[in-house]
Amino acid sequence: MLLDYDRLGWLRVALVGFTAAVTAFLLLPVVFIVLLSFGSSRWLAFPPPGWTLKWYQQLLADPTWIDAALTSARIAAMAAILAVVIGLFASFSLVRGEFRGRQVLRGLLLMPMVLPVVVFAIAIYAFFLRIGLAGTTVGFVIAHTILALPFAIIPITAALEGFDKSIEDAAIICGASPLQARLRITLPSIRIGIFSAAIFSFLASWDEVVVAIFMASPTLQTLPVKIWGSLRADLSPVVAAASSLLVGLTLCLMIVTALLRRKLSR
(Lines give C-alpha, C1' and ligand atoms only; values in the text may rest on other atoms or scores of the structure.)
Protein backbone atom coordinates (compact mmCIF):
# COMPACT_ATOMS: atom_id res chain seq x y z
CA MET A 1 0.00 0.00 0.00
CA LEU A 2 1.13 3.55 -0.73
CA LEU A 3 0.66 4.67 2.88
CA ASP A 4 2.25 1.57 4.42
CA TYR A 5 4.64 2.88 7.08
CA ASP A 6 7.30 0.25 6.30
CA ARG A 7 7.36 1.33 2.66
CA LEU A 8 7.70 5.07 3.18
CA GLY A 9 11.49 4.99 2.93
CA TRP A 10 13.12 8.32 3.69
CA LEU A 11 9.69 9.85 4.28
CA ARG A 12 9.51 7.72 7.40
CA VAL A 13 12.38 9.68 8.93
CA ALA A 14 10.72 12.98 8.00
CA LEU A 15 7.43 11.79 9.49
CA VAL A 16 9.09 10.78 12.75
CA GLY A 17 10.97 14.09 12.90
CA PHE A 18 7.85 16.12 12.24
CA THR A 19 5.89 14.18 14.87
CA ALA A 20 8.68 14.69 17.41
CA ALA A 21 8.80 18.42 16.66
CA VAL A 22 5.04 18.84 17.09
CA THR A 23 5.10 16.81 20.31
CA ALA A 24 7.95 18.91 21.70
CA PHE A 25 6.17 22.14 20.73
CA LEU A 26 3.09 21.03 22.66
CA LEU A 27 4.83 19.55 25.71
CA LEU A 28 7.81 21.86 26.32
CA PRO A 29 5.71 24.72 27.81
CA VAL A 30 4.24 22.25 30.30
CA VAL A 31 7.70 20.93 31.14
CA PHE A 32 8.97 24.48 31.67
CA ILE A 33 6.10 25.25 34.06
CA VAL A 34 6.85 22.14 36.09
CA LEU A 35 10.56 23.04 36.26
CA LEU A 36 9.76 26.61 37.27
CA SER A 37 7.65 25.34 40.15
CA PHE A 38 10.79 23.83 41.68
CA GLY A 39 12.97 26.91 41.04
CA SER A 40 14.45 28.86 43.94
CA SER A 41 13.91 32.27 42.29
CA ARG A 42 11.11 34.48 43.66
CA TRP A 43 10.00 35.12 40.08
CA LEU A 44 9.26 32.93 37.08
CA ALA A 45 12.80 32.90 35.72
CA PHE A 46 14.24 30.18 33.53
CA PRO A 47 16.61 28.46 33.98
CA PRO A 48 16.09 28.37 37.77
CA PRO A 49 19.16 29.35 39.81
CA GLY A 50 18.44 26.51 42.23
CA TRP A 51 15.85 23.99 43.29
CA THR A 52 13.39 24.03 46.16
CA LEU A 53 10.02 22.73 47.34
CA LYS A 54 9.03 25.86 49.24
CA TRP A 55 6.52 27.00 46.61
CA TYR A 56 4.57 23.79 47.04
CA GLN A 57 4.74 24.27 50.81
CA GLN A 58 3.37 27.80 50.46
CA LEU A 59 0.68 26.54 48.11
CA LEU A 60 -0.51 23.81 50.48
CA ALA A 61 -0.31 26.17 53.48
CA ASP A 62 -2.52 28.82 51.85
CA PRO A 63 -6.23 28.14 52.58
CA THR A 64 -7.35 30.20 49.60
CA TRP A 65 -5.57 27.83 47.19
CA ILE A 66 -6.93 24.77 48.97
CA ASP A 67 -10.44 26.22 48.91
CA ALA A 68 -10.17 26.96 45.18
CA ALA A 69 -8.99 23.40 44.47
CA LEU A 70 -11.82 21.89 46.53
CA THR A 71 -14.31 24.17 44.80
CA SER A 72 -13.05 23.02 41.40
CA ALA A 73 -13.27 19.38 42.42
CA ARG A 74 -16.77 19.77 43.84
CA ILE A 75 -18.13 21.62 40.81
CA ALA A 76 -16.41 19.26 38.38
CA ALA A 77 -17.82 16.19 40.15
CA MET A 78 -21.38 17.54 40.12
CA ALA A 79 -21.08 18.67 36.50
CA ALA A 80 -19.69 15.27 35.47
CA ILE A 81 -22.55 13.39 37.17
CA LEU A 82 -25.18 15.60 35.54
CA ALA A 83 -23.48 15.46 32.14
CA VAL A 84 -23.31 11.65 32.22
CA VAL A 85 -26.96 11.26 33.29
CA ILE A 86 -28.23 13.75 30.71
CA GLY A 87 -25.83 12.41 28.09
CA LEU A 88 -27.03 8.85 28.69
CA PHE A 89 -30.67 9.74 28.04
CA ALA A 90 -29.71 11.94 25.09
CA SER A 91 -27.55 9.19 23.58
CA PHE A 92 -30.38 6.64 23.79
CA SER A 93 -32.63 9.14 21.99
CA LEU A 94 -30.05 9.89 19.31
CA VAL A 95 -29.10 6.28 18.65
CA ARG A 96 -32.46 4.51 19.01
CA GLY A 97 -34.96 7.29 18.51
CA GLU A 98 -36.88 7.58 15.26
CA PHE A 99 -38.10 11.15 15.01
CA ARG A 100 -37.72 14.12 12.71
CA GLY A 101 -34.96 16.54 13.55
CA ARG A 102 -32.75 13.96 15.25
CA GLN A 103 -29.63 15.21 13.49
CA VAL A 104 -30.55 18.78 14.34
CA LEU A 105 -30.85 17.76 17.99
CA ARG A 106 -27.45 16.08 17.80
CA GLY A 107 -25.93 19.26 16.42
CA LEU A 108 -27.50 21.37 19.15
CA LEU A 109 -26.24 19.05 21.88
CA LEU A 110 -22.71 19.11 20.47
CA MET A 111 -22.72 22.86 19.79
CA PRO A 112 -20.94 23.83 23.06
CA MET A 113 -17.89 21.98 21.75
CA VAL A 114 -17.56 24.15 18.63
CA LEU A 115 -19.05 27.42 19.86
CA PRO A 116 -16.38 29.96 20.90
CA VAL A 117 -16.17 29.69 24.68
CA VAL A 118 -16.07 33.44 25.21
CA VAL A 119 -19.35 33.83 23.29
CA PHE A 120 -20.98 31.18 25.46
CA ALA A 121 -19.49 32.77 28.60
CA ILE A 122 -20.89 36.22 27.81
CA ALA A 123 -24.31 34.83 26.93
CA ILE A 124 -24.72 32.62 29.97
CA TYR A 125 -23.31 35.28 32.30
CA ALA A 126 -25.84 37.83 31.04
CA PHE A 127 -28.66 35.31 31.43
CA PHE A 128 -27.60 34.15 34.90
CA LEU A 129 -27.15 37.74 36.01
CA ARG A 130 -30.82 38.39 35.27
CA ILE A 131 -32.06 35.32 37.15
CA GLY A 132 -29.66 35.61 40.09
CA LEU A 133 -27.41 32.60 39.41
CA ALA A 134 -24.22 34.50 38.58
CA GLY A 135 -21.49 33.80 41.11
CA THR A 136 -23.31 30.82 42.65
CA THR A 137 -22.42 27.14 42.83
CA VAL A 138 -25.64 26.23 41.04
CA GLY A 139 -24.77 28.60 38.19
CA PHE A 140 -21.26 27.18 37.98
CA VAL A 141 -22.56 23.60 37.82
CA ILE A 142 -25.18 24.38 35.16
CA ALA A 143 -22.67 26.24 32.97
CA HIS A 144 -20.02 23.54 33.29
CA THR A 145 -22.58 20.80 32.67
CA ILE A 146 -23.53 22.44 29.37
CA LEU A 147 -19.86 22.60 28.38
CA ALA A 148 -19.20 19.02 29.48
CA LEU A 149 -22.30 17.52 27.84
CA PRO A 150 -20.71 16.95 24.39
CA PHE A 151 -17.80 15.12 26.06
CA ALA A 152 -20.36 12.77 27.64
CA ILE A 153 -22.59 12.28 24.59
CA ILE A 154 -19.81 11.39 22.15
CA PRO A 155 -18.34 8.33 23.98
CA ILE A 156 -21.74 7.08 25.19
CA THR A 157 -23.21 7.38 21.69
CA ALA A 158 -20.23 5.55 20.21
CA ALA A 159 -20.61 2.77 22.78
CA LEU A 160 -24.35 2.44 22.10
CA GLU A 161 -23.81 2.33 18.34
CA GLY A 162 -21.33 -0.51 18.82
CA PHE A 163 -23.67 -2.47 21.11
CA ASP A 164 -25.69 -5.32 19.60
CA LYS A 165 -29.29 -4.48 20.49
CA SER A 166 -30.37 -8.05 19.76
CA ILE A 167 -28.81 -9.06 23.10
CA GLU A 168 -31.12 -6.66 24.89
CA ASP A 169 -34.07 -7.91 22.86
CA ALA A 170 -33.20 -11.49 23.79
CA ALA A 171 -33.28 -10.57 27.48
CA ILE A 172 -36.74 -9.04 27.03
CA ILE A 173 -37.94 -12.19 25.24
CA CYS A 174 -36.64 -14.26 28.16
CA GLY A 175 -38.86 -12.35 30.58
CA ALA A 176 -36.97 -9.21 31.56
CA SER A 177 -38.72 -5.86 31.38
CA PRO A 178 -37.25 -3.22 29.04
CA LEU A 179 -35.91 -1.32 32.06
CA GLN A 180 -34.33 -4.44 33.55
CA ALA A 181 -32.75 -5.31 30.21
CA ARG A 182 -31.20 -1.88 29.90
CA LEU A 183 -30.00 -1.81 33.50
CA ARG A 184 -28.60 -5.35 33.60
CA ILE A 185 -27.52 -5.87 29.98
CA THR A 186 -27.06 -2.61 28.09
CA LEU A 187 -25.48 -0.38 30.74
CA PRO A 188 -22.82 -2.92 31.80
CA SER A 189 -22.01 -3.52 28.14
CA ILE A 190 -21.39 0.19 27.48
CA ARG A 191 -19.61 0.82 30.79
CA ILE A 192 -16.41 1.86 29.01
CA GLY A 193 -18.26 4.64 27.22
CA ILE A 194 -19.95 5.75 30.44
CA PHE A 195 -16.67 5.74 32.34
CA SER A 196 -14.94 7.73 29.59
CA ALA A 197 -17.82 10.19 29.58
CA ALA A 198 -17.46 10.72 33.33
CA ILE A 199 -13.70 11.32 33.15
CA PHE A 200 -13.83 13.65 30.14
CA SER A 201 -16.76 15.58 31.61
CA PHE A 202 -14.89 16.00 34.89
CA LEU A 203 -11.78 17.26 33.08
CA ALA A 204 -13.83 19.61 30.89
CA SER A 205 -15.06 21.31 34.06
CA TRP A 206 -11.83 20.97 36.06
CA ASP A 207 -9.70 22.74 33.42
CA GLU A 208 -12.26 25.34 32.31
CA VAL A 209 -11.25 28.96 32.87
CA VAL A 210 -13.10 31.33 30.49
CA VAL A 211 -16.64 30.67 31.71
CA ALA A 212 -15.33 30.35 35.27
CA ILE A 213 -13.88 33.86 35.11
CA PHE A 214 -17.29 35.27 34.22
CA MET A 215 -19.08 33.16 36.82
CA ALA A 216 -16.64 33.67 39.69
CA SER A 217 -17.30 35.86 42.70
CA PRO A 218 -15.03 37.07 45.53
CA THR A 219 -16.15 34.10 47.64
CA LEU A 220 -16.41 31.47 44.88
CA GLN A 221 -13.41 30.80 42.67
CA THR A 222 -12.21 27.67 40.94
CA LEU A 223 -8.55 26.73 40.76
CA PRO A 224 -8.04 27.95 37.15
CA VAL A 225 -9.58 31.31 38.10
CA LYS A 226 -7.32 31.53 41.15
CA ILE A 227 -4.30 30.80 38.95
CA TRP A 228 -5.36 33.45 36.44
CA GLY A 229 -5.90 36.06 39.13
CA SER A 230 -2.58 35.31 40.84
CA LEU A 231 -0.75 35.42 37.52
CA ARG A 232 -2.08 38.92 36.84
CA ALA A 233 -1.15 40.09 40.35
CA ASP A 234 2.41 38.76 40.48
CA LEU A 235 4.73 36.19 38.91
CA SER A 236 5.31 34.09 42.01
CA PRO A 237 6.35 30.45 41.38
CA VAL A 238 3.39 29.47 43.56
CA VAL A 239 1.35 29.91 40.39
CA ALA A 240 3.65 27.45 38.62
CA ALA A 241 3.24 25.00 41.49
CA ALA A 242 -0.55 25.25 41.29
CA SER A 243 -0.43 24.84 37.51
CA SER A 244 1.80 21.78 37.90
CA LEU A 245 -0.66 20.17 40.29
CA LEU A 246 -3.48 20.95 37.87
CA VAL A 247 -1.59 19.32 35.02
CA GLY A 248 -0.56 16.43 37.26
CA LEU A 249 -4.11 15.58 38.24
CA THR A 250 -5.25 15.76 34.62
CA LEU A 251 -2.40 13.47 33.56
CA CYS A 252 -3.16 11.00 36.35
CA LEU A 253 -6.82 10.83 35.40
CA MET A 254 -5.93 10.23 31.75
CA ILE A 255 -3.55 7.41 32.71
CA VAL A 256 -6.17 5.85 35.00
CA THR A 257 -8.71 6.13 32.20
CA ALA A 258 -6.41 4.37 29.72
CA LEU A 259 -5.61 1.57 32.20
CA LEU A 260 -9.24 1.00 33.17
CA ARG A 261 -10.37 1.08 29.55
CA ARG A 262 -7.83 -1.62 28.79
CA LYS A 263 -8.96 -3.68 31.79
CA LEU A 264 -12.67 -3.31 31.09
CA SER A 265 -12.29 -4.11 27.38
CA ARG A 266 -10.83 -7.54 28.11
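Predicted model: local features only at pLDDT ≥ 70, side-chain atom pairs only at ≥ 80, totals over all residues.

Biologist: Why is C174 called exposed?

Modeller: C174 has a relative accessible area of 72%, and exposed means over 50%, so C174 is exposed.

Biologist: What makes C252 partly exposed?

Modeller: The relative accessible area of C252 is 47%. Buried means under 20% and exposed over 50%, with partly exposed in between, so C252 is partly exposed.

Biologist: How many disulfides does a search of the whole structure find?

Modeller: The search finds 0 disulfides. A disulfide needs a pair of cysteine sulfur atoms within 2.5 Å.

Biologist: Which residues touch the most other members of the largest nonpolar core?

Modeller: They are L59, W65, F202, W206, L223 and I227, in a core of 19 residues. Members of such a core are buried, which means under 20% relative accessible area. α12 (237-264) is one of the helices that supply at least two residues, and α12 gives the most, with 6 residues. Another core, of 14 residues, lies apart and includes F140 and M215.

Biologist: What is F202 in contact with, leaving aside neighbours within four places in sequence?

Modeller: F202 is in contact with A73, A76, A77, A80 and L253; contact means heavy atoms within 4.5 Å.

Biologist: What lines the largest pocket, by class?

Modeller: Its lining has 9 nonpolar, 2 polar and 1 charged residues. Among them are L27, D207, W228 and T250. Asp counts as charged, so D207 belongs to that class. The volume of this pocket is about 270 Å³.

How values were computed:
Residues numbered from 1 in each chain as written. Heavy atoms only, no water. Buried < 20%, exposed > 50% of the residue type's maximum accessible area, 1.4 Å probe, protein only. Core = buried A, V, L, I, M, F, W, Y, C linked by side-chain atoms within 4.5 Å. Helix = DSSP H or I, 4+ residues; strand = E, 2+ residues; numbered from the N terminus. 1 Å grid on protein atoms, 1.4 Å probe; cavity = no way out; pocket = protein on both sides within 12 Å on 5 of 7 lines; lining within 4 Å. Points joined across faces, edges and corners; volume = space filled by probe spheres on them.
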